[in-house]
Amino acid sequence: MLSSQVVIIGAGAAGLMCAMSAAARGRSVLLLDHANKAGKKILMSGGGRCNFTNLYCEPGNFLSNNLHFCKSALARFTQWDFIALVAKHGVPYHEKKLGQLFCDHKSSDILGLLLDECEQIGVDLRLDTSVNTIERSEKGYRLNTSLGPVSCESLVIATGGLSIPTLGATGFGYQIARQFGHTLLPTRAGLVPFTLTDPQLKTLCTELSGTSVEDCRVSCNGQSFVENILFTHRGLSGPAILQISSYWQPGDTVSIDLLPHIDLPEWLQEQQRERPNSELKTLLGELFTKKMAGLLAEHWFASKPMKQYTPAELKAVAERLADWQLVPAGTEGYRTAEVTLGGIDTNEVSSKTMESLKSPGLYFVGEVLDVTGHLGGFNFQWAWASGYAAAQYV
Ligand SMILES: Cc1cc2nc3c(=O)[nH]c(=O)nc-3n(C[C@H](O)[C@H](O)[C@H](O)COP(=O)(O)OP(=O)(O)OC[C@H]3O[C@@H](n4cnc5c(N)ncnc54)[C@H](O)[C@@H]3O)c2cc1C
């Protein structure tokens, strides 16, 4: 029977960090994954350049039923700790915007450094390995795997969330949590594009598909993000939409200010005074692309020369552009979502050690827990920090 002090299931971001950090403490570590490659999401992330952390990472960048849970781990392994690791391996990186750090070259630089660390310190990584059953034993846990029986003192579940099943995502972590008496909070797709079914809205989005609008303010349920939006064939995407999708529930209205940096009522009055013969769509063409201005004028306003607008009509134009309200039909779901909201209730897990409060020796790290970051490198920072926290105690 294979035996190791620590067994970690899931060789993604959190599992790899936990493995290398536990092995650095002198623990024997067996890291299992059912996929044929470790860290597939790391490879896919950040458009192939892995947005591996954020300079401004704070607890306020995370959603959870228990907003305090993430604080301790984030404070003990910070963005600066991960940046130091990246620097140690000579991986070149840059800040794209808003504190988001990306690799200059490829995401494989980040996966490579984690695998190097694991290899150098003797982590036993086994891919293509499935775990069939887990049960408690006298000294810890006994697993029935495709490698045969495996025993360990500490068992770490790092199997991630449900997003992108084609990258190896499964509900296995939730199943194990349930088996050992944990409460699961409802899961749903986060950081995901919206779909629209309203025929008029859909036509507008389809016609504008591929067009992005910079720095819109998108709001829902008391949260706002100022970032780009992108029209797609099926609805809306882009960073501001992905961010707000994590705060959206079916049926909620989303409000979009297409021009948050302009005092629109004043701008429109000024245009009416100074360019009375210009058509509204021509003027909007100076703020948006010509195509978008034409389509907005066609769908939303009867475009005419500025002098023909009454004050009430101009007010309505300003309101529409600053507060475009829409109710998404849904999201693109786990097929394209970057993260899974909800998961294992953190009230039943120690925020210091990540150990289960229900079953000693069992640990949960990464996205499988009910902790979800904003877009911008925060989800990886949670994976690094929670993996590191557990590694100090396994
Ligand atoms: C397309 C995409 C782009 C992203 N880009 C970014 C980004 O740039 N920045 C950022 O911060 N976040 C990004 N994320 C989110 C980030 O990838 C995740 O939050 C992070 O990978 C979670 O780490 P984890 O270790 O908890 O889970 P994962 O990285 O998902 O790892 C889980 C591992 O468990 C394995 N596993 C699952 N089930 C089983 C099982 N039954 N048996 C054995 N093994 C199993 C999987 O094969 C996988 O290797 C992105 C996500 C996606 C989908």
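The crossing of helices α1 and α5 is left-handed, a crossing being so called if the near helix is turned anticlockwise from the far one by less than a right angle, and right-handed if clockwise. In this predicted model, local features need pLDDT of at least 70 and side-chain atom pairs pLDDT 80 or more, whereas totals for chains, interfaces and linings use all residues. Residues are numbered from 1 along each chain as its sequence is written, and side-chain values use heavy atoms, without hydrogens and water.

Helix α1 (residues 13-24) packs against helix α5 (residues 108-120) at an angle of about 30°, and their axes lie 9 Å apart. The two helices are therefore roughly parallel to each other (under 35 degrees; over 145 is roughly antiparallel, 65 to 115 roughly perpendicular and the rest oblique). Axes are lines fitted to C-alpha atoms, for helices over the stretch in contact, with angles from 0 to 180 degrees between N-to-C directions. Helices (H or I, at least four residues) and strands (E, at least two) are DSSP runs numbered from the N terminus.

For helix α9 (residues 264-274) and helix α12 (residues 311-322), the packing angle is about 135° and the axes are 9 Å apart. This makes α9 oblique to α12, and the crossing is right-handed. Helix α7 (residues 199-207) and helix α11 (residues 290-300) have axes that come within 11 Å and cross at roughly 165°, so α7 is roughly antiparallel to α11. Here too the crossing is right-handed.

The second largest pocket has a volume of about 310 Å³. A pocket is an open set of points on a 1 Å grid over the protein atoms alone, where a 1.4 Å probe fits, with protein on both sides within 12 Å along at least five of seven lines; lining residues have an atom within 4 Å of a point. The volume is the space filled by probe spheres set on the points, which are joined across faces, edges and corners. Of its 17 lining residues, L63, S64, N65, R188 and D370 lie nearest the centre. Strand β11 gives the largest share of this lining, three residues.
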